Amino acid sequence: MEGFLKKKSENSDGKEVKKKKMYGDVEFTEQQLEEFKEVFHEFDIDGDGAITVEELGTAMRRLGERPTDKELQDMVAEVDQDESGSIDLDEFYQMMANRISETNKIRQVFNVFDKDQDGYISSAELTTVMLDLGEHLTEDEIDEMMRWADKDGDGKVGYQEFSALMSGRSRGMILD
């Protein structure tokens, strides 16, 4: 899906409105676009205007990520509209929008579970949500779910743990 460029115009106060670009359900400001453009050029190691699977892997490893070859190929394929096997700048913007959109959705789901909004999901909160969904789980089943999601062993699930679980980065699982 190609971005939609809004032209500069004046608002009701007569002030100039800056250009914004839409990618899916995410709107970027000019500043965000410039920042992503800088990152794009850092990832585009050979400077040819496109990021290959290999360049993406190198850049992500520099950032401490360890994606598999399949994950990298899938990331490129997800936004490679022209089927060139690489990511151009517009496709890179789309990839960033996809990641932001996914993060926003995960945050919304986390907030449904985090009933008291303290930044953690407790066993009691998990039980409540599961009951709301019509799932009557035993205490042992709830405890097992908590142990599986609670990577740091503090007895509750924080946003980072939840996000890793939801995006398939938890315990080596890839969720499709």
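Reply: **The second largest pocket**

The second largest pocket has a volume of about 240 Å³ (the space filled by probe spheres set on grid points joined across faces, edges and corners). A pocket is an open set of points on a 1 Å grid over the protein atoms alone, where a 1.4 Å probe fits, with protein on both sides within 12 Å along at least five of seven lines; lining residues have an atom within 4 Å of a point. The model is predicted: local features need pLDDT of at least 70 and side-chain atom pairs 80 or more, while totals for chains, interfaces and linings use all residues. Numbering runs from 1 along each chain as its sequence is written, and side-chain values use heavy atoms, without hydrogens or water.

Lining this pocket are 13 residues, with Leu-126, Met-145, Ala-149, Phe-162 and Leu-165 nearest its centre. Helices H4 (89–113), H6 (139–149) and H7 (159–166) each give two or more residues to the lining, and H6 gives the most, with four. By class, the lining has 13 nonpolar residues, no polar and no charged (nonpolar: Ala, Val, Leu, Ile, Met, Phe, Trp, Tyr, Cys and Pro; charged: Asp, Glu, Lys and Arg; polar: the others, Gly among them).

H4 also meets helix H1: the buried residues of H1 pack against H4, among other elements including helix H2 (53–62) and strand S4 (20–23) (contact: heavy atoms within 4.5 Å). These buried residues are Leu-33, Phe-36, Phe-40 and Phe-43 (buried: under 20% relative accessible area; exposed: over 50%; 1.4 Å probe, protein chains only). Seen down the axis of H1, they fall within an arc of 75 degrees, so they line one face of the helix (directions from the axis to the C-beta atoms). The face of H1 turned away from its buried side carries exposed Gln-31 and Glu-42.
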